[in-house]
Each structure stands twice: as C-alpha cells, then as structure tokens.
Number of protein chains: 2
Amino acid sequence: MTDRILLGHGSGGTLMHKLIRDVIAPRLGVAGFGDSALCDLSGMISGMNRIAFTTDSFVVSPIFFPGGNIGDLSVYGTVNDLAVAGATPKYLSAGLIIEEGFPLADFISVLDSMAGAALAANVKVVAGDTKVVQKGSAEGIYINTTGIGIFEHGILPLVPSSIEPGDYIIQSAPIGLHGISIIAQRNGISFNPPIVSDLAPLNLLTGDMISFAGSIAAMRDPTRGGLSTTLCEIAIESGFGVEVHEERILVPPQVKGACELLGLDPMYVANEGVLIAFVRRDMATAILSAMHGNDLGKDALVIGEVTDSHPGRVILHTLIGGKRIVDMLPGDMLPRIC
Amino acid sequence: MTDRILLGHGSGGTLMHKLIRDVIAPRLGVAGFGDSALCDLSGMISGMNRIAFTTDSFVVSPIFFPGGNIGDLSVYGTVNDLAVAGATPKYLSAGLIIEEGFPLADFISVLDSMAGAALAANVKVVAGDTKVVQKGSAEGIYINTTGIGIFEHGILPLVPSSIEPGDYIIQSAPIGLHGISIIAQRNGISFNPPIVSDLAPLNLLTGDMISFAGSIAAMRDPTRGGLSTTLCEIAIESGFGVEVHEERILVPPQVKGACELLGLDPMYVANEGVLIAFVRRDMATAILSAMHGNDLGKDALVIGEVTDSHPGRVILHTLIGGKRIVDMLPGDMLPRIC
C-alpha cells in the first residue's frame with residue numbers, strides 16, 4: 001500500500017475497498033463504509049426497533065451539471081442509499097463546507113435544489129451545519145447528507161446474505177448517464193442530443209416494489225464504480241456467483257458513443273437513478289410489472305442471475321458469445337463524480 | 001448582504017446566523033442549523049418516540065493541535081451537541097473528505113483518535129463514506145460526523161423555551177482553551193506552560209447531571225463564537241434577558257495572557273469541553289455538587305442568572321463595576337477552529 005492517499009482511494013473501486021478493509025474498518029469497526037447501517041434501538045425505548053442510517057459526502061465537480069447540481073444530488077444520493085436498504089427515508093442532515101468567495105446566487109441555487117429534492121423525495125432536512133474555508137481550501141461547495149430511514153409495515157432490512165442461487169438480477173433503468181453527463185460538462189464536451197444525468201429519488205420506485213419485499217433479497221444503487229463494482233460487491237458479500245448478459249444490459253446509444261470516444265466502459269460509470277434488485281425467480285415477473293408502472297422503472301428487465309458456481313465472482317456473457325470475469329473498478333477512472 | 005460567501009459566514013457569529021436565517025432556513029426549513037434536531041418517530045413504529053439528530057463538519061486547521069486532532073474533535077463535537085440536548089449519544093456516522101496526497105500515517109492517526117474517542121464517549125461509528133479530492137481542493141482532511149442520541153429514563157429534550165426568569169447560569173469549566181490552543185499551533189506560538197485544548201466528551205458530565213433533568217431548563221456547549229455567542233443565542237431563543245458577572249467567569253490565566261497578546265476576547269473564543277447549564281435556582285447547589293464530583297465539572301460555578309428585564313439581551317457586569325451589552329461574534333475572528 002502507498003504511504004499517501006490517492007485519488008483512486010475515493011473511486012468506489014478496489015483501492016477504496018482496500019483502504020476501508022485494511023485501514024478504516026479495523027479502527028472504526030464499520031463494516032459497510034458506504035451502505036446504510038442498521039441502528040438497533042430495541043431495548044432502548046420500548047417498542048423501538050431498527051432504523052437505517054447512512055452518510056454520504058458530495059464533492060462533485062462541476063457543481064452544476066446537466067440534470068442537476070450538488071444540491072439535489074446530495075439529497076437523492078442519501079435517499080437512494082436508504083431506499084435500496086428497504087427503508088423509507090424520513091430525515092436528513094445537511095453539512096455544508098463552503099469555499100470563501102462562493103457566489104451567493106450559486107449557493108441559493110444549490111439550496112433551492114436541495115429543498116425541491118427533499119420535497120420530491122418526501123424527506124425533511126432537520127439538522128444542519130455551515131462551515132466556510134479559505135479560498136483555495138475547497139472547490140465551491142461540498143455537502144454531506146446523512147439520512148435516517150425507518151422500516152415500515154414490518155419490512156425487514158434487505159441484506160446480501162438473503163441472496164440465493166437462482167435469484168434473478170433486475171436492472172431498473174439504463175446505465176451511464178450520470179457519470180457521462182458530469183465528465184462531458186467538466187471537459188466542455190457537448191453531445192447532441194445532450195446527455196443528462198439520471199439523478200432521481202429511488203424511494204419513489206422502491207415504494208412501488210415494497211409489497212414484494214419478501215421476494216426481494218437485496219437492492220443496490222450502482223453509483224461510484226458503476227454496475228460492475230456493485231455486482232462484484234454483491235458477489236463477495238453473498239458468497240455466490242453472479243452472471244449477467246451484456247446483450248440485455250441497458251446502455252443508451254449516446255452513452256455507448258460517448259464511452260467509445262472517451263475510452264470508458266459504461267459498466268464502470270456512475271449512476272444516480274438506477275437500482276439493481278436481486279429477486280426470487282418466481283416473483284420476477286410480478287416485480288417487473290410493478291416497476292414498469294413507475295417512470296423510474298419503466299425499462300426494467302432481468303439482466304442475469306445468481307449462481308452457486310464461481311462463488312464471489314461476476315461473469316459477463318459478452319455480445320460475441322464469450323465469457324469474461326468482471327472486476328471492480330481498480331482506481332480512479334472518474335474522480336469527483338458525486 | 002454580500003453576493004459572495006465570506007469566511008465570517010462560517011464563524012458561528014452574527015454573519016452566520018444571518019446567512020442561516022435569511023438564506024438557508026427559508027429554503028431547507030431547518031430552524032436550528034447547528035443544534036440537535038428532534039426527530040419525531042412516534043406513529044411510525046409503535047412505542048417509538050423521539051431521537052436527537054445532529055450534524056457537524058470539521059475543517060479545523062491545523063489538523064493536529066495540543067490536546068487532540070480532527071479525529072477526536074469530530075467525535076466529541078457531535079457527541080457534545082447531543083449531550084447538551086439531554087440525549088444519550090448512541091450512533092455516529094463519519095463522512096471523510098481527504099485531500100489527494102494526505103499522508104497515510106496521518107490518516108491512521110486521525111482514525112485511531114476517532115476510535116479512541118468513540119470508545120471513551122461510549123458511541124459507535126456505524127456508517128461512513130470516503131471521498132478523495134485532488135491535491136489543492138481541500139486541506140488534508142475534513143470530517144463530517146452526524147449523530148443519533150436517545151432520550152433515556154423518560155428525560156424530555158432540553159429546549160431554551162423552558163428557561164424562566166430567576167434560573168441560574170452554570171459554567172462547567174474554564175473557557176478559551178480550545179480556540180487559543182488552535183490559534184497558537186497555527187501561528188507557531190508556544191506558551192509555557194503550554195495551552196492545551198479542553199476537548200472532552202461532555203456526555204460523561206451530563207450523565208451525572210441527568211438525575212436533575214427536571215430542574216435543568218437548557219444546556220449548551222459554547223463552541224464557535226464562544227460563551228458570548230451562546231449566551232446571546234439563549235437570550236434570543238428564550239425571550240428573556242441574561243446577566244453574567246465577569247468576576248465569576250472562569251478564564252485560565254494563560255488564556256487571559258494569550259488573549260491580551262493576540263488581541264482576542266476570551267468570551268468569543270471556542271471551547272470543546274465546556275457546557276453552560278440554565279437551572280432552577282433552588283436546585284443549583286445540588287446540581288453543582290453533582291458536577292463537582294466529575295472531573296469535567298470540578299470547577300463548575302454559577303456565573304449569572306436569567307431575568308425578565310431586557311428580553312433577548314445579554315448584560316455583562318464588568319470587573320470595574322460597569323454594565324456592558326454583549327453581542328454575538330460579528331464575523332470571522334477565528335476561522336477553522338473546529
């Protein structure tokens with residue numbers, strides 16, 4: 001391991017996972033540095049049970065991008081982490097680190113976006129903090145949001161250990177839009193039609209799926225590190241193998257084109273409005289049908305399945321009929337994407 | 001109002017309060033951007049009541065200072081916000097924003113301090129997030145911690161609206177040590193004996209006071225903006241006047257000396273191990289006695305009282321027998337202190 005922190009340590013990929021596993025987790029004892037934690041409140045207050053608790057700091061650059069800005073991104077990012085844990089997002093905190101000289105008009109735009117997003121996602125921002133650092137000690141604004149969600153209607157938290165061989169893997173929406181929209185904006189590239197981030201509150205979709213909760217083993221939103229990294233995480237955490245079919249994976253043509261141009265693989269590009277669900281095979285059709293009734297899941301489809309062969313590994317069946325092992329994003333393909 | 005964010009907007013004083021009141025609160029609807037929020041969970045899960053929820057981002061410069069570093073500061077800072085709300089701190093999240101190139105050894109020191117502080121304060125870090133920004137886009141490391149506390153033994157949350165005229169104001173420990181230790185370290189000034197931050201987990205002290213909860217109207221920890229700003233906040237929020245006596249306020253001699261040298265007023269210097277309690281007059285002796293049994297409150301004393309004259313204002317009775325109106329810190333006397 002290097003003796004300095006590298007950009008890749010924040011990438012969501014292998015380097016970050018190693019930093020968490022080897023350096024952070026042994027000290028802070030946080031197993032899922034990145035997912036929702038389950039806070040057990042039972043025994044503290046009578047009848048009190050578990051809440052979901054998750055944190056995310058947003059350092060996206062540029063702050064404004066096609067389809068959103070750091071404000072709504074910071075609300076939906078945390079809401080989505082709670083939603084894919086099976087929780088109903090309720091309360092958010094907002095920790096603002098602002099660079100001295102940041103235009104007040106931009107600050108107000110960001111706050112307005114946060115407020116609009118909170119309204120859309122039906123959460124309340126109830127706690128906050130404001131810090132200002134000298135010019136040059138941050139880039140515009142960084143926002144931490146931390147969220148609390150509850151488990152309604154006796155829903156149990158969704159955890160990868162519930163995954164079983166034979167489960168189908170559902171992709172809710174096309175991948176690659178968020179990351180490519182940021183990269184394009186950052187580098188002054190325009191596409192026609194423009195590539196717009198898929199940023200959206202996934203709790204609106206999971207709300208429509210929750211009546212099938214008993215048949216949903218786990219859900220994830222493939223943000224930093226993209227679909228490949230999420231599938232690798234699930235394969236490792238569940239202890240089973242994952243197989244996906246390239247021909248089924250939804251990638252919008254303009255994302256494909258942009259990725260070819262930029263030398264990127266859409267399977268590693270961040271998303272902010274996509275969820276991956278691991279569901280019991282016999283209920284997949286019913287779950288898909290519920291998802292298709294929601295705008296955020298109208299293109300949902302099965303892209304693969306869980307297997308008991310090659311445990312801990314993800315295999316991609318390629319378009320040309322081959323098989324390829326999929327790894328996590330190793331380093332820092334796309335820094336500052338969220 | 002200026003059209004750009006100034007350092008003073010993060011100072012804890014008047015400028016920050018105006019930014020929150022005029023810009024942030026109307027959009028996010030957060031009344032107490034800085035204090036613990038009360039999350040009402042009743043009706044969501046049977047028997048579930050309220051939890052306390054607070055967030056704080058730490059951008060202290062330098063990262064290591066006499067008496068602590070950004071790691072234990074980030075744990076105790078949030079723990080203390082929960083403790084002075086009358087809550088028992090339980091769970092923390094940690095959002096790390098790290099500058100590319102930050103030495104791994106320093107990162108490990110910071111994590112070890114967080115872990116030690118969590119152990120000392122009896123809280124668990126259960127959720128986390130790691131972001132890395134390019135060299136020059138942050139200064140070493142910024143940490144957001146967000147905390148959840150519960151109200152045990154039927155304790156009600158402490159709120160300034162419970163304050164009544166006649167209540168005594170208790171100072172738990174000498175003021176000025178944290179801020180001066182940071183400023184001295186930042187500017188390469190050494191004192192003999194050295195000035196060491198008072199950084200400490202105040203829940204260990206409030207735990208000893210909680211049996212008197214019915215006689216404690218409110219508590220606050222005077223961090224950014226110092227004792228003066230905290231007293232002004234309480235005067236405004238309670239709608240009553242506050243009178244304090246300069247001769248009683250504990251200021252260590254070395255803090256007095258350093259303040260004279262640096263042109264600072266200790267009443268505006270940040271603390272990280274001091275609490276101010278507003279208590280019923282007839283129980284003050286018993287509460288002080290409980291505090292004196294704890295190392296963090298061994299010097300506790302009454303420094304003033306609440307009055308129904310001059311509502312919303314803080315009056316300082318000075319050493320030379322005069323009276324002076326105390327205002328909030330206007331701007332940015334001491335940036336990056338926490």
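# Structure report

## A salt bridge at the surface, and a network

D295(A) and K298(A) form a salt bridge in which the closest N and O atoms are 4.0 Å apart, where a salt bridge is a side-chain nitrogen of Lys or Arg within 4 Å of a carboxyl oxygen of Asp or Glu. Elsewhere, salt bridges that share partners join D56(A), R224(A), D129(B) and K131(B) into one network.

This is a predicted model, in which local features need pLDDT of at least 70 and side-chain atom pairs count only at pLDDT 80 or more, whereas totals for chains, interfaces and linings use all residues. Residues are numbered from 1 along each chain as its sequence is written, chains are lettered from A and ligands numbered from 1 in the order in which they are written, and side-chain values use heavy atoms, with hydrogens and water left out.

Side chains of opposite charge can pair when their charged atoms come close. By the rule given above, the count comes to 24 salt bridges over all chains. One of them links the side chains of K131(A) and D129(A), at 2.9 Å from N to O, and both K131(A) and D129(A) are buried.

Another salt bridge is formed by R220(A) and E233(A), whose closest N and O atoms are 3.4 Å apart. Because R220(A) lies in strand β9 (residues 216-220) of chain A and E233(A) in helix α6 (residues 226-238) of chain A, the pair ties together parts that are 13 residues apart in sequence; helices (H or I, at least four residues) and strands (E, at least two) are DSSP runs, numbered from the N terminus. R220(A) counts as buried at 10% relative accessibility, and E233(A) is buried as well, with a relative accessible area of 16%.

## How the two copies are related

Chain A can be laid on chain B with an RMSD of 0.0 Å by a turn of 180° and a shift of 0.0 Å along the axis, the copies being superposed by least squares on the C-alpha atoms of residues with pLDDT of at least 70 in both. The two copies are thus related as by a two-fold rotation axis. Of the interface residues of chain A, 100% are also interface residues in chain B, so the copies meet through the same surface.

## Cavities

The structure holds five cavities of 30 Å³ or more, and the largest cavity has a volume of about 70 Å³. On a 1 Å grid over the protein atoms alone, a cavity is a set of points where a 1.4 Å probe fits but cannot get out, and lining residues have an atom within 4 Å of a point. Grid points are joined across faces, edges and corners, and a volume is the space filled by probe spheres set on the points.

The lining of the largest cavity draws on both chains, with K131(A) and V132(A) on one side of the list and L7(B), G10(B), S11(B), V59(B), R224(B), L334(B), P335(B), R336(B), I337(B) and C338(B) on the other. These lining residues divide into seven nonpolar, two polar and three charged, where Ala, Val, Leu, Ile, Met, Phe, Trp, Tyr, Cys and Pro count as nonpolar, Asp, Glu, Lys and Arg as charged, and the others, Gly among them, as polar.

## Backbone details

A cis peptide bond, with omega about 5°, joins S61(A) and P62(A), and P62(A) sits in the loop between β2 (50-58) and β3 (64-65) of chain A. In chain B, the peptide bond from N192(B) to P193(B) is cis, with omega near 0°; P193(B) belongs to the loop between α4 (177-186) and α5 (203-209).

R336(A), a residue other than glycine, has a positive phi near 60°; R336(A) is placed in the segment after β14 (323-326) of chain A and counts as buried at 4% relative accessibility. N122(B), likewise not a glycine, has a positive phi near 60° and is found in the loop between α3 (104-121) and β6 (124-133) of chain B, where N122(B) is exposed, with a relative accessible area of 60%.

## The surroundings of P157(B)

P157(B) lies in the loop between β7 (141-150) and β8 (168-171) of chain B and counts as buried at 14% relative accessibility. Leaving aside neighbours within four places in sequence, P157(B) is in contact with L38(B), R50(B), A85(B) and F151(B), contact meaning heavy atoms within 4.5 Å. P157(B) and G239(B), by C-alpha to C-alpha distance, are 19 Å apart in space and 82 residues apart in sequence.

Note on methods. 1 Å grid on protein atoms, 1.4 Å probe; cavity = no way out; pocket = protein on both sides within 12 Å on 5 of 7 lines; lining within 4 Å. Buried < 20%, exposed > 50% of the residue type's maximum accessible area, 1.4 Å probe, protein only.
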